[in-house]
Amino acid sequence: MIASDLRSGVERLGDMIAEASTILPFTGAGISTETGIPDFRSPGGLWTRNRPIPFDEFIASPEARAESWRRRFAMEPTFAAAKPGRGHRALASLYRAGKIPAIITQNIDNLHQASGFAPEHVIELHGNTTYARCIGCGRDYDLAWVRRSFEAAGEAPDCTDCDEPVKTATVSFGQAMPEDAMRRATELAQHCDLFLAIGSSLVVWPAAGFPQLARNCGARLVIINNEPTDQDDLADLVIRHDIGETLGPFVGN
Ligand SMILES: [Zn+2]
């Protein structure tokens, strides 16, 4: 059912939240756009202007690594300034109230953690861009360390322990999905009774599979997105409105 207007959609969503005992939110870029972080995939987004650097190219080419880090440093003012929006804060309220055990996100911006979710309760399918990780041994590095090393040496730094390249802790194109995150997301989708798909076009794998899985396991499905998605037909409720306005009423509940 597609909500006829914002008010009736919010009312119906409120009822469904009240009736649910285990809510599983799944978030995409749309929840973060009001915080100033661009949707990389959208028309006019960064990826339509700057071709993403695939994982194998990052590994093979020092120049690709340098370019990748230059782009990341150029984005730093945007990421550093972003604060959780109304959508993030509404979900954090439901988390504190015990309704949400964990959250699945396609976003890499760390804003769910910043809104109050414990890091172990944020399942990041595409990783996190606010720190770096060695692709060999998995050691984590601060971005500030990467930047200092890059500026001192004039090239992207390698791990001080194992000499393998250090990359943002994100999942690049062509890089394997994180197995642990996928396994936990699958289990959560199987055991929730309300699945909230928020700000995702639900076309990129594996995002597209989770709403369907939750639905097949008996959960109700709500899709909140400005644009239609391929899965709207499956949903018990579709709200095609701004995410901040839709979830704003649930902040502090
Ligand atoms: Zn290493």
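The following legends describe close-up views of a predicted model. Residues are numbered from 1 along each chain as its sequence is written, and side-chain values use heavy atoms, with hydrogens and water left out. As the model is predicted, local features need pLDDT of at least 70 and side-chain atom pairs count only at pLDDT 80 or more, whereas totals for chains, interfaces and linings use all residues.

View 1. Ideal angles for four tetrahedral donors are 109.5 degrees.

View 2. Helices (H or I, at least four residues) and strands (E, at least two) are DSSP runs, numbered from the N terminus. Cys 137, at 42% relative accessibility, is partly exposed, as is Cys 162 at 29%. Buried denotes under 20% relative accessible area, exposed over 50%, and partly exposed the range in between (1.4 Å probe, protein chains only).

**View 3. Asp 109, a buried residue without a salt bridge.** Asp 109 is found in the loop between strand S2 (103–105) and helix H6 (111–115). The nearest side chain of opposite charge, Arg 72, is 10 Å away; Lys and Arg count as positive and Asp and Glu as negative, while His and the chain ends are not counted. The side chains of Asp 109 and Ser 32 are joined by a polar contact of 2.6 Å. The side chain of Asp 109 also reaches the backbone nitrogen of Leu 111 at 3.0 Å. A polar contact is a pair of N or O atoms within 3.5 Å; within protein, one must be able to donate a hydrogen and the other to accept it, and residues adjacent in sequence count only if both atoms are side-chain atoms.

**View 4. Salt bridges of Arg 220 and Arg 147.** Arg 220 pairs with Glu 19, their closest N and O atoms being 2.6 Å apart. A salt bridge is a side-chain nitrogen of Lys or Arg within 4 Å of a carboxyl oxygen of Asp or Glu. Arg 220 lies in strand S8 (residues 220–224) and Glu 19 in helix H1 (residues 6–19), so the pair ties together parts that are 201 residues apart in sequence. In the salt bridge between Arg 147 and Glu 151, the closest N and O atoms are 3.5 Å apart. Both residues lie in helix H7, four residues apart, about one turn of the helix. Arg 147 is partly exposed at 33%, whereas Glu 151 is exposed at 57%.

**View 5. The salt bridge between Arg 240 and Asp 232.** The closest N and O atoms of this pair are 2.8 Å apart. Arg 240 is partly exposed, at 32% relative accessibility, while Asp 232 is buried at 8%.
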